Amino acid sequence: MNFLTFLVENINYLGGIALFLIGLHIVVTHSNLIKRIMGINIMGTGVFLFFVAIGYVKDGIPPIIIGGEPIYINPVPSVLILTGIVVSVSITVYSLALTIRIYQTFGTIDQKEISKLIQEEEYHD
Amino acid sequence: MINQLPILQLLLFLGMALSIPLLRKRRFNTTLRLGFIVLCLVLISSIFIYIHVISEGPILYYFGNHAQRLGIEFKVDAFSSFFTMFIVILAMIIYIYSSGDQTEGIEEKEYGRYYILFFILMMSMFGILYTNDLFNTYVFIEILSITTCAIISIKRKKDTYTSAFRYVMLNEIGSLSYLFGVALIYMATGYTNMTLVYESISQVWQTFPVNLIIAISFMIVGLGIKAAVFPFHIWLPDAHSSAPSTSSAILSAIVVKVYILVLTKVLFRVYGIDVLEALNIPVILMVLASIGMIMGSVFAIAQKDVKRMLGYSSVAQVGYIILGISLLTHDGLRAAFFHILSHGLMKTALFLSAGAIIFYKKTRRINDFDGLGYIMPVAMGLFSIAGLGMIGIPLTSGFISKLNLGLAVLELESWILLAIIIVSSLLNVIYYLPIIISAFLKNEKYHYRLETIEKTPKGMLIPLIILGVLIIGLGVFPEPIMNLIEYAITSLQA
């Protein structure tokens, strides 16, 4: 029972860590380059969720001043993560562009086949 | 006025990067000269800032005049301005060389783009050193990693794409790990400003030890991947061997060092020595560094490609720097900082001279170096000086840094570390000395024939000679630099 309450109370942090690990697993184990880029994105989402979750205050409302004395959530992490999202988009764009180049030169986006092609080339030299 | 100078430096780099595409219609020499003027201006202003900082204390700059806990703060002190000076000087040498080395694998069309990336790279490195905010550091780190990846993949060759892709993936894992560390620190302290985090960490570390241990491990792994600390170094040899020589020099001599400096900032400015020792972090770093020092050299021995060999040698040398930092003593830091300088100079020298050799002889296999000393005396001579420096022969700067590191280790009376330093130096002998011997003593048909000497363009020769002079000068007169390093260390620990 204790474990369950811990799980429910910290679900946003645990979710962030889970996404981070899922993403890491995809990046490390998959050989398809597009899937690896997706893995990086999932990892990033995990970190962003974790960061935003820090700013959450129970029963808090978004920090828009409406009069009275409501509890606001902490807006700073959300603002920081906005920057983080932009950065992660640019990384995605760069790596996708690189994938296009790789496809044009090798005709495949599978890491294993690419390494095989490179090895064959070195063998012919 | 002087408060604005660091920001003006960043803007100058950015403006230069933006004006290169606008100058496309002009002759390329105009762009090159303009870029050189920008670098000179930044060097002068860096020296000016350094003198100001030493006499009047650090420059604090608040963006938009927000409060310290809300906005971004730049803190320019002896530590950051000393290393920005070093970066500009090295960058200028590489810049002069690269303008003489116009065809090395980069197409004419891409040539302007190379310099755009170069200036954005400089901007982000200055930003990383100046900023006093953990999250802002993350943003600059991302700019730096995108530009370094691009500068590696700029050559339109097959293997650059795959090695750049691997570099992007590992770099991104590193950045996200670093960001996770920032998140955990923010969770424990509620700040991202380094000064404020430092103040509150000394109070809260006993309440949240798990948070802070996980945070520092994430940061060590993240920055370790980027700085090529041993088990995370797998991207480095590939990236080096396929990139243009000037890119390899920038990457190995400057970019890797900047990540180490970020790690130093996190260790000393954010955590502080007391907390680190209580959490037992130095031991982990020490083990990583020692394994790297041995294994990097062992891998380097097996390489046939000269640039791959230099890449693995970097892995070993990064180990020395991390070892010096992980001692957490004044002497250890001094040795580490000095080695950052001397390794920067020596690795630039090695990559640039290897670049000159690859440029003319179209070979990068170590076996083809026989008799090269008689064909390219300047390039091979510099290669020998820098190689001897790597081994740690007296009169070179490498000797001074190894001597200091040895003394720092002796101060703690840890004989194992001393043995590792000596073994690692001996391993360096195994892979640098045969190249030097075969270049100057083998293949005697080239002996003393002046007409076999290749003509290298002046733009490439001058930087090589400057580097050689600097390496020996630093080895013979280390005191002036040591004094500057003392200021950097005191400001780091203040």
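1. Read from the N terminus, the elements of chain A follow the order α-α-α-α-α. The tally for the chain is accordingly 5 helices and 0 strands. The model is a predicted one, and the points below should be read with that in mind.

2. On overall dimensions, chain A has a radius of gyration of 21 Å, whereas the globule rule gives 14 Å for 125 residues; the value is well over the rule, so the chain is more spread out than a compact globule. The C-alpha trace of chain A spans about 75 × 40 × 15 Å along its principal axes.

3. Among the contacts of chain A with a separation of 6 or more, 47% are between residues 24 or more positions apart.

4. Chain A touches chain B. To this contact chain A gives 27 residues and chain B gives 22 residues. On the chain A side, the elements that supply two or more residues are helix H2 (11-29), helix H3 (33-54), helix H4 (75-106) and helix H5 (111-124). H4(A) provides the largest share of that side, with 13 residues. By residue class, the side of chain A that touches chain B holds 19 nonpolar, 6 polar and 2 charged residues.

5. In chain B, strand E1 (residues 59-62) is joined to strand E2 by 4 bridges, and the two strands run antiparallel. One of the pairings links Tyr62(B) with Glu73(B), its bridge partner in E2(B).

6. Which way do the residues of strand E2 (residues 73-76) of chain B point? Glu73(B) and Lys75(B) point one way, while Phe74(B) and Val76(B) point the other way. Side chains in a regular strand alternate between the two faces of the sheet.

7. Phe383(B) belongs to helix H15 (residues 377-391) of chain B. Is Phe383(B) buried or exposed? Phe383(B) is buried, because 29 other C-beta atoms lie within 10 Å, and the cut-off for a buried residue is 20 or more.

8. Apart from neighbours within four places in sequence, Phe383(B) is in contact with Leu350(B), Ser353(B) and Ala354(B). The C-alpha atoms of Phe383(B) and Ile357(B) are separated by 9.9 Å, and these two residues lie 26 residues apart along the chain.

Note on methods:
Residues are numbered from 1 along each chain as its sequence is written. Chains are lettered from A and ligands numbered from 1 in the order in which they are written. This is a predicted model: local features need pLDDT of at least 70, side-chain atom pairs count only at pLDDT 80 or more; totals for chains, interfaces and linings use all residues. Two residues are in contact if their C-beta atoms, placed from the backbone, lie within 7 Å. Ala, Val, Leu, Ile, Met, Phe, Trp, Tyr, Cys and Pro count as nonpolar, Asp, Glu, Lys and Arg as charged, and the others, Gly among them, as polar. A residue is buried if 20 or more other C-beta atoms lie within 10 Å of its own, exposed if 12 or fewer, and partly exposed in between; C-beta atoms are placed from the backbone. Two strands pair if DSSP finds at least two bridges between them. The radius of gyration is taken over C-alpha atoms; the globule rule is 2.2 Å times the number of residues to the power 0.38.
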